[in-house]
Amino acid sequence: MFINHFFKVSWVVQLLVGTGLFTVSFLIENRVMLAFLATPMLALSLTIALEVGKAVSIVWYRYMVAVSDSYSVTVRIASWLFRIGLMVLSITCSLLFLGERLDRPYLEEVRINEIQALEERNSAELKRLEQQHRDVLTDK
């Protein structure tokens, strides 16, 4: 009884964790695809296709293993290459996303502050030069 209950709970937990991982992977890949593709709908469609491909490849592999102990070598190689390719794509997208976010996370705020400081210095210098010009004109 306990073991049967354990396997059901374990299956539900694995399903929830897998769903969470697919969701996070989908969101990261979509952000990266949006950065590379001009059309948001194309990026979303491609990301959905890739995520569905991941799920289908996992199910396909498990089905092929369950149906026959020895399915053809070409099918095994195709399945393996497809799954590896999708994993490499996910890892690449995750690294690109994290690399952009972790490189200089406050770059935009620093840039805005620097621009404001430059504008204030330029304004102060302009006022000083105008005052100096007025002083020169009044001395004549």
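This is a predicted model: local features need pLDDT of at least 70, side-chain atom pairs count only at pLDDT 80 or more; totals for chains, interfaces and linings use all residues.
Local features were considered only at pLDDT of at least 70 and side-chain atom pairs only at pLDDT 80 or more, whereas totals for chains, interfaces and linings use all residues. Residues are numbered from 1 along each chain as its sequence is written, and side-chain values rest on heavy atoms, with hydrogens and water left out.

With a salt bridge defined as a side-chain nitrogen of Lys or Arg within 4 Å of a carboxyl oxygen of Asp or Glu, the count comes to 4 salt bridges. In helix H2 (residues 40-67), Lys-54 and Glu-51 lie 3 residues apart, about one turn of the helix; helices are DSSP runs of H or I with at least four residues, numbered from the N terminus. The closest N and O atoms of this pair are 2.9 Å apart. Both Lys-54 and Glu-51 are buried, that is, under 20% relative accessible area (1.4 Å probe, protein chains only). Glu-51 and Lys-54 are also linked with Glu-29 in a network of salt bridges.

Helix H4 (residues 107-139) contains the pair Glu-108 and Arg-111, separated by 3 residues, about one turn of the helix. Their salt bridge has its closest N and O atoms 3.6 Å apart.

Glu-125 is partly exposed at 36% relative accessible area, as is Arg-128 at 43%.

Notes. Helices (H or I, at least four residues) and strands (E, at least two) are DSSP runs, numbered from the N terminus. Buried means under 20% relative accessible area, exposed over 50%, partly exposed in between (1.4 Å probe, protein chains only).
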